[in-house]
Structures are given as structure tokens and as C-alpha cells.
Amino acid sequence: MAKVKVATGILQGCFGCHMALLDLHEDLIPLLVAIDIVRSPINDVKEVPEVDLGILDGAICNTENEAVAKEFRLKSKKILALGTCACMGGINGLRNLHDLDTVLKRSYVKNESTVEGFIPTSPDIPQMLPHVKALHQVIDVDYALPGCPPTPAMIMGALLDIINNREIKIPSKNLCHECTRTHEQMYIPRREFVTDSVTNIMELDEINEERCFLEQGVLCMGPATREGCEARCVKGNTPCRGCMGPGPDALEQGAKMINALASVLPAGGLMFMEDVVGVGYRYSLPVSIYPHREAK
Amino acid sequence: MNIGLFLSEGDGDISKVVDVKYIAGEHTNGVTARVLGNLHSAASHSAIVQEVKDKKLEGVVLAGESPLFYKKTRNGELLLSLLYAAGINPNRVVITNLREQVSMPHRSAPNEATLKAKVLVDVSIEKVRLSKEVDLIEVSPRRAVTVIGTTAAGLFAAQRLLARNFQVDFIDREEVRDLKNLKDQVLPTLAAIRENPNARFHISKITDFYGYAGNFRINLEGDKRLRAGGVIVAIGDDLKFTSELYPFLRLERDERGFFKTLSSATAVTETVQQGIFLIPEQQSLALSIAMADSAAMSCDALLSRNAIRHELFVSQVDEAVCGGCGTCIKTCIFRAAEIDPAKKLSSTNIKRCVGCGNCVSACPTGARDQISASTKYYLSAIKILASYKPPTGAKLLYVICEGCGYPSLDYAGTTGLEYPTGVMPLSVRCAGRLDTQFILEAFKEGFSGVVICKCKDDHCLNIVGNTDLDRRANLFRAVLSSRGISPDRLRIFGVSDCDGASCVTSAVEFMNYLKTMGRA
């Protein structure tokens with residue numbers, strides 16, 4: 001069987017998804033029997049050759065990202081959006097809460113470490129787009145695998161599915177299904193909040209490693225987040241931040257979390273949380289129903 | 001799906017404002033449209049049923065009177081039962097309100113009224129298209145009635161039922177009460193009831209109440225469990241008892257806080273809950289006896305059927321999506337959401353679920369959905385409603401709860417109030433069903449403002465739907481601000497079921513406000 005030709009590229013991201021691919025370690029060796037990575041940031045080939053599969057990680061933030069994405073689409077039979085940034089815009093997307101001018105000024109002018117700053121205008125520098133977008137909002141995408149980053153096992157599974165012409169399998173339940181923490185309050189059918197306050201995790205004297213975070217008054221995005229990450233954060237005694245994005249039947253991760261919390265945690269406490277929006281839409285703002293701040 | 005659209009001229013009342021023939025002509029694609037003089041005469045009923053058979057219709061849109069007409073009048077009820085008997089699933093009969101919410105309040109703007117009516121009809125057609133068939137169950141009614149309140153009226157109703165061999169359980173907070181100066185007239189009846197082996201008295205508190213017409217389950221303090229086919233409420237003017245019973249019985253209350261019947265003209269003892277009858281406080285003993293007879297007769301008529309059919313308009317769980325987080329368990333005040341201990345997934349107890357949809361809003365995964373009106377339908381409805389372009393003024397998504405906002409807006413129409421056509425009504429079962437995702441969708445689709453009419457503080461038929469909506473919407477204001485949408489563009493009003501005038505003034509005032517903001 002001829003090897004599947006693969007090109008990988010990075011848009012606006014942190015290279016974390018490529019690192020996760022490398023984290024396959026020795027499992028990469030059998031994979032490389034079936035696929036041939038002809039272009040990637042690792043072998044540093046600049047051109048995108050004609051390939052069977054183009055893998056892109058990162059969001060679309062500037063004109064260069066757009067150009068690379070379009071070139072990949074042109075040269076690839078199939079495109080895999082790898083990781084949350086490519087699928088949903090990811091953390092880059094939070095930029096959409098501000099207009100571009102504010103963002104540029106904050107970065108280059110009104111910046112604590114800058115004296116006499118200016119916004120660079122050289123034509124050699126890619127121009128920032130007004131709003132961050134997910135990959136599918138710019139080019140057609142055949143497969144999408146969320147995760148920040150997806151686990152090496154998820155990447156392996158997806159690649160094997162794609163090589164074998166199968167739909168890739170992404171779990172459809174929420175993280176609570178995968179989480180092994182115990183419920184004491186959440187399963188009691190009584191209309192009362194599971195705690196009497198909302199607490200920042202740093203403020204807890206002791207974090208119970210076995211009990212549901214919400215029941216400890218700590219905001220955990222698990223209920224509104226797709227499973228599949230092996231619940232790595234909650235196993236590390238850190239609440240879920242929602243990087244896998246919303247499940248298949250929810251449109252808005254942030255709105256859905258707000259709906260849910262209204263009957264679980266004291267709303268009064270939530271109101272005073274510093275950043276309800278940042279927490280709810282940390283990874284998925286560009287795919288929200290209302291994906292950016294309305295222009296003035 | 002073959003869909004039949006039946007447009008009513010309202011005997012001229014609707015057609016003099018809304019060009020129903022034009023709307024009929026606009027629907028050709030898979031929809032059989034027909035204009036009738038009215039939808040409630042015997043001739044219209046048979047014409048509609050004939051059309052269902054001839055065209056093999058699977059869904060029907062009835063565009064004419066308000067849905068409340070079908071709830072409150074025998075004629076309306078009859079047409080629905082004829083359609084069900086002709087094989088149309090109850091979830092596929094959708095009613096478009098062209099009279100109370102279009103032709104009446106927009107009588108001075110016939111062209112606009114017609115365009116708006118077309119949009120409302122489109123929403124109904126979409127609802128039929130997206131509807132799933134609702135499952136039906138049949139309950140063999142128990143020949144037992146629980147009478148709440150040992151008042152004169154309660155005793156007289158019980159006497160009739162005992163005579164027809166029903167088991168009667170009385171529940172009250174105090175021994176026989178309220179006989180005032182009627183002792184001579186009532187005491188013999190009381191004595192006879194006490195002698196009857198089929199009657200029992202319980203001076204106790206209700207701790208749990210669930211089930212449906214034909215088979216209610218009532219638990220009392222001290223672990224006493226009663227079962228009843230029907231319930232008659234005869235508590236007179238005891239306001240404290242009304243408040244105590246309200247979370248269990250979920251009956252509508254008037255502005256003074258007393259329970260009320262469906263209609264003082266056409267359904268004098270029936271209530272919003274099938275199988276629960278109410279004898280309101282009367283001026284005289286004669287009227288009390290007449291109402292007691294009416295309640296006993298209605299109850300007997302219901303429980304003497306071989307079977308009572310119930311449509312399971314409940315919340316459904318998609319097990320492929322549910323992860324067992326427990327949010328719905330905490331949300332549901334009726335304890336209808338349960339965790340299946342083996343699967344660790346949520347399920348619905350159909351005996352307890354009232355179908356309010358609060359858990360559907362709360363479900364963080366979207367695994368829960370309401371069979372009567374799915375999330376997909378609401379998103380689609382908001383898009384269609386947004387397609388109407390009012391000639392002047394702001395466009396409002398006017399979300400009305402079936403318990404309060406809907407009848408209020410109807411009331412505005414019937415009392416002759418006019419308001420701008422830009423008020424686009426979207427009916428929800430309960431304010432608790434309003435998922436904040438819909439608010440964002442509405443602004444995306446170009447509505448200038450969103451109004452949510454919810455029941456006043458302790459008048460929500462689903463007990464907590466209105467407060468849950470408040471919490472959600474108020475938290476959600478931060479999300480609106482973050483998108484540059486002024487949170488003032490979302491307004492929540494607490495209304496009763498006959499606040500027509502305040503609905504209209506607040507809508508007009510809001511539209512003016514939006515205009516000053518440059519949103520009209």
C-alpha cells in the first residue's frame with residue numbers, strides 16, 4: 001500500500017498540538033510506516049507539496065494564517081483541523097472581545113514595557129484580521145479533533161481512522177462522564193445550592209481530590225465541556241477549563257455553563273466572579289453564536 | 001411530511017385585517033393551504049377532518065383563534081380530539097394565533113398585519129416539520145377522589161361522588177371547617193358522609209404530589225400514601241392553605257393569590273391541571289352547591305372513562321450525549337430528573353415530569369430536550385421571526401410564558417389595545433425554558449431588543465422557572481456586554497395573566513427607549 005502523504009502546518013498557536021504529535025514517542029515509528037510526513041514545521045520545508053492529508057493546528061488571526069490555510073486546502077485532498085485553536089479559535093479567540101485597534105494599541109503602544117511605541121505597518125508583516133476565526137470559517141475542513149492539545153492517543157486514533165477512510169471518533173458526552181470524582185450533593189434531588197459560596201481554587205484551605213469541584217464551590221467547566229481528554233486536569237486536582245469545547249448538542253459553552261450554574265452554585269457568588277465571560281468562552285469564542293464584539 | 005394549513009377568516013373578523021387568502025397562496029411547497037370562514041363550526045370541523053383523510057395529512061396548522069381557545073372551550077377541545085382521532089399526533093397540531101395577537105391589536109395596519117401573520121404561520125409550519133411524535137399512555141382511572149378542604153362545597157361534592165361509589169379521601173389542615181352559620185344545612189350531609197365506609201378524613205399535611213389525571217399519588221405526613229383518580233379543591237378563601245398547596249397542585253392563582261379555574265364562563269371548575277377541579281369561594285350556599293355538583297359531575301365524567309390518554313410531553317435525555325453531571329437533578333423541583341445508578345446517566349421519571357423544560361435550559365451538554373418544543377425549533381423560530389421587517393420602530397423578540405405573558409398579550413388584543421407590529425411573540429412553556437443561547441441568537445438575527453414576560457414572584461406554575469430564568473439572564477448580561485450589546489436591550493417583566501395594558505405600555509416604552517439608542 002502506498003504511504004499516505006501528509007503535510008502539517010501551524011497557524012496561530014503554540015506548537016502544543018505538534019508537541020502532542022511528537023509525544024507519541026516510539027508509537028510514531030509504526031505510524032510512519034503508513035504515513036509519510038513530507039512537510040512540517042519540524043523538517044522546515046517551506047512549500048506545501050501535493051498531499052493526501054493536510055494537518056493544521058492553530059487559529060486564523062492574520063493574513064499569513066489565511067494564506068497558509070488556503071494553500072493547504074489547495075494542495076491537500078483532506079484537511080484535519082488539529083486542536084482547539086483550529087477547531088474553535090481557542091484561547092486566541094478571546095481577542096474578539098476587543099476591537100482590533102484596542103488590541104494593537106495595548107500590545108504596541110499602551111504597554112508597560114514600551115516607550116514611544118508604535119503600531120508596525122511594514123508591508124512585510126502579516127496584517128492582523130479584525131477577528132480571530134476557526135479554520136472551518138476560512139476553508140472547508142474534513143476532520144476536526146479538539147483538545148488543548150489533543151492527547152497523543154487521540155491524535156493516533158484520528159490518524160488511523162483517516163488513513164483507513166473512516167469518520168474520526170470524538171466522544172459526545174461531557175467531561176463528568178470521564179471524571180472519577182464523587183458526587184454527594186449533585187445527585188440529591190433537592191433544590192438547594194451544592195455550596196454556600198463560590199470559591200477561587202487558591203482560596204481553598206484544602207482541595208478534596210476525590211470530590212466534585214462544583215460541590216467544593218469551585219467553578220469547573222467539566223459539565224459544559226466535551227470529554228476525551230482523559231480528564232487530565234481534574235486528575236491533577238485542577239478544575240476543567242473547558243478546552244475540548246462544547247458538546248455536539250450545545251451551541252454555546254459559556255451560555256450553557258451559565259444556564260447550568262444558576263441552579264447549582266449561588267448566583268450571587270457567581271456575579272462577583274471576576275470574569276464569567278472569560279471562563280465560559282475561554283476556548284470557543286470564535287464559534288459562538290455571537291463570535292465577537294459588535295463594531296461601534 | 002404532508003402538512004395542512006387551515007386559515008380562519010374568523011367570520012370576517014380576521015380577514016378584514018389579515019389577507020388570509022394571500023397567506024394561503026404563499027404556501028405551496030409541501031403544504032396544503034385552505035381558507036375557511038371559521039375553524040369552530042361543525043361544518044368546518046368536518047371539512048378539516050375530511051381534508052386530513054383525503055390528503056393523508058400528518059401535521060396540521062390551525063391559524064385563527066388563540067391556543068387558549070382550544071384549551072378553554074368545548075368547541076376547541078372537540079376539534080383537537082377529532083384531529084387526534086383522525087390520526088394526527090398531538091405534537092403535530094400547531095396553533096397560530098391570528099386573532100388575539102394579530103388582527104385585533106394591528107387592526108389599523110392591515111398590510112403589516114398580513115406580513116406578520118405570514119411569518120407567524122411560517123413559524124408554526126416549521127414547528128410541525130421539526131416535531132417528533134409524542135408518545136401516549138393510557139391510564140385506567142381509579143375510582144377514588146381526594147377532596148381537599150372539608151368545606152360545605154367539599155362535602156357536597158363528596159356526597160355526590162360517594163353516591164356514585166367513589167372512594168373519597170378528605171384532606172384538611174383542620175377538622176371540618178368553614179360551616180359558619182350553615183350548620184343546619186350542612187351537618188346532616190357531614191353526618192351521612194361520616195357514616196359512609198368509603199369516606200376517610202385525614203387531618204394532615206401533603207408532603208408529595210405527583211402523577212396524572214386518573215392516577216394521582218398523594219403522600220401525607222406520617223408516611224400516609226393516597227392514590228386518587230381526581231382531586232377536588234374546595235378550600236374557600238383560605239389563603240394560607242392556598243400557598244401551602246400551590247407547590248403541589250400548581251394551579252393558576254389570581255391577583256389576590258387564590259386559585260382560579262380555567263374560565264369563569266366556559267370551564268367553571270376545570271383548572272390548568274387535568275384531573276384537578278376547583279370549587280371557588282361562592283357568595284351563597286346555593287351557588288356553592290351548584291359548583292360542587294359541577295365539579296363532582298366533571299370529575300365523574302373524567303373518571304368514568306375506560307381510559308384517560310396522556311401525551312408524554314416530557315423532557316427527554318439523549319443518552320449518547322448525557323455524561324451524568326447531575327445538573328438536571330439539582331434543577332428539577334419536581335424530582336423528575338433521576339440518575340440511573342447503573343448507567344450513571346440521567347433519566348426522566350414520566351410520572352413526575354411536568355414538561356416545563358427548566359432542565360433543558362440547564363443541561364450543559366444539550367442532552368436534554370423538550371418534546372413539545374425542541375431547542376432546534378426555538379433557534380429556527382427566532383430566525384423566522386427575525387425575517388419580519390417592521391416599517392417603523394424597533395423589532396422586539398417578545399418571549400411569552402404560556403402561564404402569564406401569553407394570556408396577557410391575548411387580553412391586550414381582546415380589550416382593543418393596539419401595539420406596533422414589531423412585537424414578535426414567541427411562546428414558551430415556562431420562562432425556565434428560555435435558554436440564554438436563544439437571547440444571543442435573537443441579537444445575532446437582528447432583533448433590537450428582547451423582552452421576556454415571566455410570571456410574577458410566586459405565580460410560576462413550575463414554581464422555580466421564573467427565578468431560574470432571572471438568575472440565568474442576569475448572569476448572562478455580562479456575556480451581552482462582552483459582545484458590545486447593551487444589557488439594557490434585554491428586559492424581563494413579571495406579569496400576571498391579564499396584564500394586557502402593562503404588556504403593551506412596557507413594550508411601547510421599551511421600543512421608544514431602543515429608538516433613542518438608535519436601535520430602531
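# Exercises on a predicted two-chain model

In this predicted model, 41 residues of chain A are in contact with 42 residues of chain B.

**Exercise 1. The side of chain B that touches chain A**

State which helices and strands of chain B each supply at least two residues to the side that touches chain A, which of them gives the most, and how the residues divide by class.

Solution. 
- Step 1. The elements that each supply at least two residues are helix H11 (327–331), strand E16 (337–340), helix H12 (358–362), helix H15 (436–444) and helix H16 (465–482) of chain B.
- Step 2. The most comes from H16(B), with 8 residues.
- Step 3. Sorted by class, this side of chain B has 20 nonpolar, 12 polar and 10 charged residues.

**Exercise 2. A sheet in chain A**

Give the strand order of the open sheet of 5 strands in chain A, find its edges, and describe the helix packed on the sheet.

Solution. 
- Step 1. The order is E2-E1-E3-E5-E7 (chain A), and the pairing is parallel.
- Step 2. Strand E2 (35–39) and strand E7 (143–145) of chain A each have a single partner strand, so each is an edge with one side left without a neighbour in the sheet.
- Step 3. On average, neighbouring strands of this sheet are turned by 25° against each other, direction ignored.
- Step 4. Strand E5 (residues 76–82) of chain A runs parallel to E7(A) and is joined to it by 3 bridges. Here A:Leu80 has A:Tyr143 in E7(A) as its bridge partner.
- Step 5. Helix H6 (residues 152–163) of chain A packs on the sheet and touches strand E1 (4–10), E2, strand E3 (51–57), E5 and E7 of chain A. The direction of this helix makes about 170° with that of E7(A).

**Exercise 3. A sheet in chain B**

Carry out the analysis for the open sheet of 4 strands in chain B.

Solution. 
- Step 1. The strands are ordered E2-E1-E3-E4 (chain B), with parallel pairing.
- Step 2. Strand E2 (31–36) and strand E4 (93–97) of chain B pair on one side only, and are the edge strands.
- Step 3. Strand E1 (residues 3–8) of chain B is joined to E2(B) by 6 bridges, and the two run parallel. B:Gly4 has B:Thr32 in E2(B) as its bridge partner.
- Step 4. Helix H2 (residues 42–54) of chain B packs on the sheet, where it touches E1, E2 and strand E3 (59–64) of chain B. Its direction makes about 165° with that of E2(B).

**Exercise 4. Two helices of chain B**

Are H6(B) and H13(B) roughly parallel or roughly antiparallel to each other?

Solution. 
- Step 1. The axes of helix H6 (residues 110–130) and helix H13 (residues 375–386) of chain B come within 9 Å and cross at roughly 160°.
- Step 2. Angles over 145 degrees count as roughly antiparallel, and H6(B) and H13(B) are therefore roughly antiparallel to each other.
- Step 3. Their crossing is right-handed.
- Step 4. Residues of H6(B) in the contact include B:Val119 and B:Leu130, and those of H13(B) include B:Tyr377 and B:Ile384. By class, the contact has 7 nonpolar, 1 polar and 4 charged residues.

**Exercise 5. The setting of B:Ala228**

Is B:Ala228 buried or exposed?

Solution. 
- Step 1. B:Ala228 lies in strand E11 (residues 224–228) of chain B.
- Step 2. A residue counts as buried with 20 or more other C-beta atoms within 10 Å. B:Ala228 has 29, so this residue is buried.
- Step 3. Leaving out residues up to four places away in sequence, B:Ala228 touches several residues, among them B:Arg142, B:Asp169 and B:Phe216.

Note on methods. Residues numbered from 1 in each chain as written. Chains lettered and ligands numbered in written order. Predicted model: local features only at pLDDT ≥ 70, side-chain atom pairs only at ≥ 80, totals over all residues. Contact = placed C-beta atoms within 7 Å. Nonpolar A, V, L, I, M, F, W, Y, C, P; charged D, E, K, R; others polar. Pairing = 2+ DSSP bridges. Axes fitted to C-alpha atoms, helices over the stretch in contact; angles between N-to-C directions. Parallel < 35°, antiparallel > 145°, perpendicular 65-115°, else oblique. Left-handed = near helix turned anticlockwise from the far one by under 90°. Buried ≥ 20, exposed ≤ 12 C-beta atoms within 10 Å, placed from the backbone.
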